[in-house]
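Subject: Structure for you to look through

Dear colleague,

I am passing on the structure below, followed by some notes on what was found in it. Please keep it open while you read.

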Amino acid sequence: RRAAVAALDSTLRVVVPGCGGTQLGSAWVSGRHSAVTNAHVVAGGSNVRLENRSGASYSGSVVLFDPGTDVAVVRTRERLTGRPLRLLPRLVDPGTQGVTLGYPGQGARGLTTHPAAVRASFDARGLDIYGRSAVDREVYQLRARVREGDSGGPFVLPGGRVAGVVFAASTTAPDAGYALTAPEVADEVARGIRARRPVSTGSCTH
């Protein structure tokens, strides 16, 4: 409950027209004018819109796009009302509990929270969001329900720190998901907060 309360007003829906439709995902406030999401949420899109749980809408542009780590940072013109969340500067142990927050589904559902616990942390060898280049990423396997649309949402601990960024659901277990660890994304988040100029979001992933 404490983890959820700390992040409710700082978790956003991402709406991105592009790629023949509208791409949806989640994000979290990292600065007065910046929010963190996944690169695959905004890939190939433009005119990003962020929405909070109260219905306020903010227009923004992508100022950091990393298809390898799968991290993007959106900068808004208006000041975001949610409190900026801070990354935990270290890994957490298996069994650490918190919540994941996000906007699952096709836009009809509002902000949802799910209890989450770390099952394991490991270095994962995989491919970038386009399935082209090999990448190594430090990730958590979470015991948490993760659904389409939750990508980019935070994994938050009771103290209010972000321990990870949700990026995928398990393809074999309904109660498992994956998050990039806070140390893995720290450099990208810091650079994104400072960035001002829009960058390319690459091509569509589908």
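The torsion about the S-S bond of Cys-19 and Cys-204 is about -95°, so this disulfide (a pair of cysteine sulfur atoms within 2.5 Å) is left-handed. The model is a predicted one, in which local features need pLDDT of at least 70 and side-chain atom pairs count only at pLDDT 80 or more, while totals for chains, interfaces and linings use all residues. Residues are numbered from 1 along each chain as its sequence is written, and side-chain values use heavy atoms, with hydrogens and water left out.

The count comes to one disulfide, with an S to S distance of 2.0 Å between Cys-19 and Cys-204. The pair links distant parts of the chain, 185 residues apart, since Cys-19 is in the loop between strand 1 (11–18) and strand 2, and Cys-204 is in the segment after helix 3 (182–194); helices (H or I, at least four residues) and strands (E, at least two) are DSSP runs, numbered from the N terminus. Cys-19 has 23% relative accessibility and therefore counts as partly exposed, as does Cys-204 at 31%, where partly exposed lies between buried (under 20% relative accessible area) and exposed (over 50%), with a 1.4 Å probe and protein chains only.

With kind regards
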